[in-house]
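Visitor: I would like to go through this model with you and ask, at each step, what a given description rests on.

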Amino acid sequence: MYKVLITDPLSDQGIEKLLQAEDVQVVRKTGLSPDELQLEIETADALMVRSQTRVTAELIEKARRLKVIARAGVGVDNIDVPAATRKGIVVVNAPDGNTISTAEHTFAMLISLSRNIPQAYRSLLAGEWRRKDFVGVELNKKTLSIIGLGRIGAELAKRAKAFRMNVVAYDPYLSDERAEKLGVKKASFEEAVAAGDYISVHTPLTKETRHLINRDTFALMKDGVRILNCARGGIIDEEALYEAIQSGKVAGAALDVFEQEPPGDHPLLTLPQVIATPHLGASTVEAQENVAIDVSEEVLHILRGEPFKNA
Ligand code: NAD
Ligand code: MLT
């Protein structure tokens, strides 16, 4: 029997194949302390996580039988991939199961930010009727700059174009053909940052993209720019964003992700110009089912020594 340890909440429907497999024992334990996790990992053949579990080198060191670590989502920044690779453990993810949900969430944030919907709702619940305070801006003919035109960035571009926005994109791997096909203007990083009425980041979090948006970058932007981050906390320097909002350079920001999650009493959350959600980009029934199905299939293939897609 293979022990498959699941330490973050995953969709029941998504892991059905694992639950039905005769050669698999599924152990679902969420909210484990580091000590409890170390104990469980010792005897696990596979570990399945979302974003909460931090799969550190220290934890990987404790594993005696582990063959695969599966991330039910895109970002593997909560997993020490080099440490896993050194031990011959395969790391797999679900690269496209949550693309649409995250693009839709980003677009929901874009509209909410433009029309002050969360702020106005809060005010209404407080018994107020402040129509003049919540005058918004249209998306029509505005420029959206997308930094990172991968799966989610491209889906966001399609939705923005349907709202008659001009879309500018920076991505070091963006070809002229793909830009043309998506109807976006390909730009350098500096051009994209300077052109946007809205700037939305959709890169992975890596050494290169950490604080990609920083004090110097804010200085290049249009006055009154609006910023979105539904990718990863840390791509935007949060202190620099706070200062840029306070100075009036940035008119508003929509954040789904934070450098530390949960963010606690974060200064950004005290600003009326900031709207935020608790890392909900991929939190739909469909996306959670898709990613859990994808990684469950990969885990079964790897445990059984069969060919698998994603490495
Ligand atoms: P993807 O790999 O399809 O796209 C990422 C793109 O970023 C690629 O096209 C890549 O070329 C580009 N890129 C890499 N370095 C860059 C740089 N320095 N500057 C500009 N572009 C750069 O990934 P995706 O599925 O589109 O996911 C994008 C991000 O969204 C990831 O960080 C992922 O973890 C995150 N994400 C968040 C949620 C959420 O719940 N909020 C859900 C899914 C994904
Ligand atoms: C991802 O990278 O896929 C996201 O963080 C979504 C998630 O797992 O909630």
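Visitor: What does Ala-157 touch, leaving aside residues up to four places away in sequence?

Guide: In this predicted model, Ala-157 touches Ile-146, Leu-149, Val-167, Ala-169, Leu-182 and Val-184. The criterion behind each of these contacts is a pair of C-beta atoms within 7 Å.

Visitor: Which residues have the most contacts inside the largest nonpolar core?

Guide: They are Ala-157, Val-167 and Ala-169, in a core of 50 residues. A second, separate core has 40 residues, among them Leu-5, Ala-46, Ile-69 and Ile-79. As a general background, nonpolar side chains tend to be buried together in soluble globular proteins.

Visitor: What makes the sheet an open one, and in which order do its strands come?

Guide: The order is β8-β7-β6-β9-β10-β11-β12, seven strands with parallel pairing, and the edge strands β8 (185-186) and β12 each pair on one side only.

Visitor: Which bridges hold β9 between its neighbours?

Guide: On one side β9 pairs in the parallel sense with β6 (residues 143-147) over four bridges, with Ser-200 as the bridge partner of Ile-146. With β10, strand β9 again pairs in the parallel sense over four bridges, and there Arg-226 is the bridge partner of Tyr-198. Within β9 (residues 198-201), Tyr-198 and Ser-200 point one way while Ile-199 and Val-201 point the other way, and all are buried.

Visitor: What makes β11 a mostly covered strand?

Guide: Five of the six residues of β11 are buried. Strand β11 runs parallel to β10, to which five bridges join it, and Val-250 in β11 stands opposite Val-225.

Visitor: Why are the buried residues of α11 said to line one face of the helix?

Guide: In α11 (residues 238-246), the buried residues are Glu-238, Leu-241, Ala-244 and Ile-245. Seen down the axis of α11, these buried residues fall within an arc of 120 degrees, and therefore they line one face. The buried residues of α11 pack against α10 (215-220), β10 (225-229), β11 (250-255) and β12 (274-276). After α11 comes Gly-248, with a positive phi near 95 degrees.

Visitor: What is the phi of Arg-164, and what is that of His-211?

Guide: Arg-164, in the loop between α7 and β7, has a positive phi near 65 degrees and is a residue other than glycine. His-211, in the loop between β9 and α10, has a positive phi of about 55 degrees although it is not a glycine.

Visitor: How do you know that the peptide bond from Glu-261 to Pro-262 is cis?

Guide: Its omega is near -5 degrees, and the bond is assigned as cis. Pro-262 has its place in the loop between β11 and β12.

Visitor: Which residues surround ligand 2, and which are the closest to ligand 1?

Guide: Ligand 2 is surrounded by Arg-50, Ser-51, Gly-73, Val-74, Gly-75, Asn-98, His-279, Gly-281 and Ala-282, which divide into two nonpolar, six polar and one charged. Ligand 1 has 31 residues around it, the closest being Gly-75, Gly-148, Gly-150, Ile-152 and Gly-281. The shell around ligand 1 has 13 nonpolar, 13 polar and five charged residues. Helices α5 (99-115) and α7 (151-162) each supply at least two residues of that shell, and α7 gives the most, with three residues.

Conventions. Residues numbered from 1 in each chain as written. Chains lettered and ligands numbered in written order. Predicted model: local features only at pLDDT ≥ 70, side-chain atom pairs only at ≥ 80, totals over all residues. Near = placed C-beta within 6 Å. Nonpolar A, V, L, I, M, F, W, Y, C, P; charged D, E, K, R; others polar. Core = buried A, V, L, I, M, F, W, Y, C linked by C-beta atoms within 7 Å. Buried ≥ 20, exposed ≤ 12 C-beta atoms within 10 Å, placed from the backbone. Contact = placed C-beta atoms within 7 Å. Arc of directions from axis to C-beta. Pairing = 2+ DSSP bridges.
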